[in-house]
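Look at the sequence and the structure shown below.

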Amino acid sequence: MKNNNELHYKFDISQFYSDFLKSPKIFKNRDALNPIYIPNNLPHRDVQIRRIAEITACLLKDGVPFNFLCYGKTGTGKASVIRFVSRKLDEKCNEIQRNRPWWIYNNCQQVNTPYRILANIFNTLSIEEKIPPTGLPKDIIFQKLLNLLDDVVGNSVCFIVLDEIDILIKKKGGNEILYDLTRLNEKYQLKKCRVRLIGISNILKFKSFLDPRVLSSFGGEELVFPAYNAEELTDILQERAEIAFFKNVVSEETIPLCAALAAKEHGDARNALQLLRKAGELAERNHNKKVSPKFVYKSQKSLEQDNTEQFIKSLPKQIQLVLCSIFLIAKHLPNLKIITGDIYDSNHIHSGRNFLHGSLHSTVPG
Ligand code: ADP
Ligand code: MG
């Protein structure tokens with residue numbers, strides 16, 4: 001239910017904008033803290049950048065690189081390193097007037113059915129014709145895709161980057177589509193273009209779910225992205241803060257604090273950057289000239305809330321209900337050691353409205 005403040009408070013948007021304009025200048029370039037921003041320097045990733053550069057360099061002399069896999073927890077720079085190398089390789093190709101390779105990025109969390117993956121590849125390459133979200137038989141899309149690859153990519157290489165490939169593998173038809181993609185060159189007889197796969201996974205043991213034929217097509221070429229420690233995150237944030245904030249706006253302790261908090265989680269650079277961005281926004285909103293540690297703590301609290309909410313919303317209804325049961329039992333009977341039967345009973349008896357609004361005391365043995 002809305003509280004009284006919400007009911008009677010009238011938000012003056014025009015005044016809000018005027019106040020915002022009067023707030024201190026904090027951000028020089030907000031985009032630099034956006035997760036899709038790729039800086040010109042990626043500290044502590046020289047080993048991985050070098051390895052991918054070595055694998056892909058043969059392209060500059062008419063060679064075809066091999067498929068490879070990247071592993072590491074979220075926010076360890078896997079996608080950024082690949083985008084970074086692709087940008088540098090494109091620049092070099094331009095410099096020596098050679099055809100640039102194509103890079104097709106597919107996030108398997110969002111696009112993970114064989115049909116949608118093929119459609120995504122086709123639609124990225126094709127300017128005029130687009131494949132509809134459903135409807136065409138797989139062999140027709142395949143044929144259309146093969147023709148398009150030869151036409152558009154020509155004698156160059158098309159890299160298909162499959163981010164979060166572990167999600168694809170667990171899906172029905174996941175291994176088959178991967179197998180098909182590894183065989184585009186030989187079995188499906190692409191005439192000119194060569195397709196190469198780059199698999200990215202946040203889960204280290206995902207290979208056990210991979211079809212051995214697909215695994216062997218990656219030829220054992222694997223790159224590991226270790227989690228960042230607090231010092232490494234400090235370097236990353238420091239470089240980014242110089243691009244994103246005006247001089248002397250960020251207090252000295254703020255960046256090491258963001259880095260330490262993110263390192264304690266699991267060394268995720270995305271989290272560290274989010275903490276810093278949100279702290280900056282909070283300072284701005286509070287008309288404060290300095291992004292000080294107190295805004296980092298506030299930012300952490302607000303991000304934790306956002307993440308937990310997002311996570312719970314993404315769970316299946318049954319699991320939400322179990323979680324809700326546990327929460328209500330623990331709230332009403334904090335000293336009770338909860339066992340499965342208690343959850344079952346409260347869920348069963350009070351499912352739906354009654355469960356959410358009713359008292360638990362009568363159902364939980366105490
Ligand atoms: P992953 O693919 O491993 O989940 P990303 O490449 O998406 O991680 O990185 C997450 C965020 O962290 C991005 O905003 C990226 O710019 C940043 N980042 C990760 N590693 C570095 C690094 N070494 N230097 C600068 N920024 C980095
Ligand atoms: Mg990622």
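## Terms and overall make-up

A residue is called buried when its relative accessible area is under 20%, exposed when it is over 50%, and partly exposed in between, using a 1.4 Å probe and protein chains only. Helices (H or I, at least four residues) and strands (E, at least two) are DSSP runs, numbered from the N terminus. The model is predicted, so local features need pLDDT of at least 70 and side-chain atom pairs count only at pLDDT 80 or more, while totals for chains, interfaces and linings use all residues. Residues are numbered from 1 along each chain as its sequence is written, chains are lettered from A and ligands numbered from 1 in the order in which they are written, and side-chain values use heavy atoms, with hydrogens and water left out.

The chain has 16 helices and 5 strands. Of its 366 residues, 44% count as buried. Along the principal axes, the C-alpha atoms fill a box of roughly 70 × 55 × 40 Å.

Two strands pair if DSSP finds at least two bridges between them. Tryptophan 103 has phenylalanine 159 of strand 3 as its bridge partner. Strand 3 also pairs with strand 4 (residues 194–201), in the parallel sense, over 7 bridges. Here the bridge partner of isoleucine 160 is leucine 197 in strand 4.

## The largest pocket

Rolling a probe the size of a water molecule over the atoms shows where empty space is left. The search uses a 1 Å grid over the protein atoms alone: a cavity is a set of points where a 1.4 Å probe fits but cannot get out, and a pocket is an open set with protein on both sides within 12 Å along at least five of seven lines; lining residues have an atom within 4 Å of a point. Grid points are joined across faces, edges and corners, and a volume is the space filled by probe spheres set on the points.

The largest pocket holds about 1200 Å³ of space. Its lining has 41 residues, and those nearest the centre are Pro35, Gly75, Ala79, Ser80 and Arg270. At least two lining residues come from each of helix 4 (78–95), strand 2 (102–107), helix 10 (230–244) and helix 12 (269–285). Helix 12 gives the most, with 6 residues. The lining has 16 nonpolar, 16 polar and 9 charged residues, where Ala, Val, Leu, Ile, Met, Phe, Trp, Tyr, Cys and Pro count as nonpolar, Asp, Glu, Lys and Arg as charged, and the others, Gly among them, as polar.

## The second largest pocket

The second largest pocket holds about 260 Å³ of space. It is lined by 14 residues, with Gln238, Ala241, Glu242, Asn248 and Val250 nearest its centre. Helix 10 supplies the largest share of this lining, 3 residues. By class, the lining has 7 nonpolar, 3 polar and 4 charged residues.

## Ligand 1

Ligand 1 is surrounded by 20 residues (those with a heavy atom within 4 Å), and the closest are Pro43, Gly75, Lys78, Ser80 and Tyr228.

A polar contact is a pair of N or O atoms within 3.5 Å; within protein, one must be able to donate a hydrogen and the other to accept it, and residues adjacent in sequence count only if both atoms are side-chain atoms. An N or O atom in the side chain of lysine 78 is 2.6 Å from an oxygen atom of ligand 1. For arginine 270, a polar side-chain atom lies 2.9 Å from an oxygen atom of the ligand. Glycine 77 takes part through a polar backbone atom, 3.1 Å from an oxygen atom of ligand 1.

Most residues other than glycine have a negative phi, and most peptide bonds are trans. Glutamine 97, though not a glycine, has a positive phi of about 55°. Glutamate 164 is not a glycine either, and its phi is positive at about 60°.

Are these residues buried or exposed? Glutamine 97, in the loop between helix 4 and strand 2, is exposed, with a relative accessible area of 75%. Glutamate 164, in the loop between strand 3 and helix 7 (165–170), counts as buried at 15% relative accessibility.
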